[in-house]
Amino acid sequence: MKNIFFTLCCLVFISSVGRSQVFNVNKLIVDKETKFPLENVSVSNDIDNSSTNHEGFFIFNSSKNEINFNLLGYNSIKSTFDAIAKKDTIFMESKAFILDEVLVSNVEPFMKKVYDKMNDNFIKEYTANFFLRSILKNEDSIIVLQDIQGKRGKYDNSKNPYDIEVVNMRKTSLFEKKNTLDFTLPDFNQFFSPPIPIREKTNFTEVIYNDADFRKIVFEGKEKNAWGQTLKGYFIINKNDYAIVEHYISLYDNPDLIPYVKFTLSSVRYRTTKYERFFSYSKNEILNKYYLKSSKLNTQLEVLRNKKDTKPAYVDFAMDYFITNAVTRDKVESNFSVDKDIFKAKFPYSADFWNNQNQLPLTTELKVFLKKVSQNKDKKKEFEIIGNF
């Protein structure tokens, strides 16, 4: 495997264009009891989709005056834009734990059914509109931002499983020349290929989960890999159809054992110390099958810049993908290779699109980063700036 890297005021408005209305809402969702923000809440109706970020914020617009909130382990909320407009914050209530539920100690037969039905449970071919945000940080400071809005075609074809059409892109970077590092970043093939543990080489354990319709299965590899790491994670599985609806996996549990690797023609050494993936899936009620709704990658490199360096620097890379509509069979006009480094994408910047789109807002942290880029754009001796806006 390649070593790879990885706010908002409350507002509601209704606009009219001709006879059609566009409903738009920007709110915060929190746990009713703890008041902590809730990430990965699905915000949708049968036409459009969105999701909350790690701060619990979301932006959602639709031509339909309907808005639903869903998060595994929480009671769903069905509402309208009109009703949500009256609220500053949306509170979701956790489902009650079923403490007297008897957990099956041997979950192997259940997991065999899950694996046997895995291919049949997912839609083989579809098209989805998406946003993909990629952020690269060096020592907690952002150095690269790339946002892509596009279409993804998924096919039942092992030679050509995906097509990507980049429709809009904004990208900028701010490298200090003395600290510039050359990293290999992921391609779409890597990003859309979830690492599924081999069933026969994995231990599965059920844990209590506060939703009677689902089972949470924690897994751990039976053997360590060549670098002494144990694969770990969990599945949340629909009891009725054995479909995986959420999937988390971590490939590194003891990073101190991982050896450093040298960059080619350089004294720089590095090792991957974190690699985490998260996937969530939605069900198409007409086809009665599932599709990828969101995907996240979070990874970290530990870097020693020279032979005398004893204090490592840390480089973090995060990717966050979510679809913005119900899946279709629309044609995808492929314009970017799925096996090419995503940061190598070159497309013009559309100020009109990015100034008016309202599903992928800039966070406060990103606004600070862009201001820093603007302030240093003429300092060519100290900084290397690459971007399209």
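The accessible surface of this chain comes to about 20000 Å², and carbon and sulfur atoms account for 50% of that. Keep in mind that this is a predicted model. The chain has 389 residues, of which 50% count as buried, and its secondary structure consists of five helices and 20 strands.

The largest nonpolar core holds 67 residues, and Met111, Leu132, Phe188 and Tyr321 have the most contacts inside it. Strand E18, residues 289-304, gives the most to this core, with six residues. Beyond its sequence neighbours within four places, tyrosine 321 is in contact with several residues, among them Phe130, Leu132, Phe191 and Leu292. There is also a second, separate core of 14 residues, including Val41, Phe81, Ile84 and Met92.

Now the charged pairs. The whole structure has 19 salt bridges. In one of them, aspartate 147 pairs with arginine 133, with the closest N and O atoms 2.8 Å apart. Aspartate 147 is in strand E10 and arginine 133 in strand E9, so this bridge ties together parts 14 residues apart in sequence. Aspartate 147 counts as buried because its relative accessibility is 0%, and arginine 133 is also buried, at 10%.

Lysine 137 and glutamate 365 form another, at 3.0 Å from N to O. Lysine 137 lies in strand E9 and glutamate 365 in helix H5, so the parts tied together are 228 residues apart in sequence. Glutamate 365 is partly exposed, at 38%.

Arginine 271 and glutamate 302 meet at 2.9 Å, linking strand E17 to strand E18. Arginine 271 is buried at 11%, and glutamate 302 at 7%.

Conventions
Residues numbered from 1 in each chain as written. Predicted model: local features only at pLDDT ≥ 70, side-chain atom pairs only at ≥ 80, totals over all residues. Heavy atoms only, no water. Helix = DSSP H or I, 4+ residues; strand = E, 2+ residues; numbered from the N terminus. Buried < 20%, exposed > 50% of the residue type's maximum accessible area, 1.4 Å probe, protein only. Areas by Shrake-Rupley, 256 points an atom, 1.4 Å probe, with all protein chains shown as cover. Core = buried A, V, L, I, M, F, W, Y, C linked by side-chain atoms within 4.5 Å. Contact = heavy atoms within 4.5 Å. Salt bridge = Lys/Arg side-chain N within 4 Å of Asp/Glu carboxyl O.
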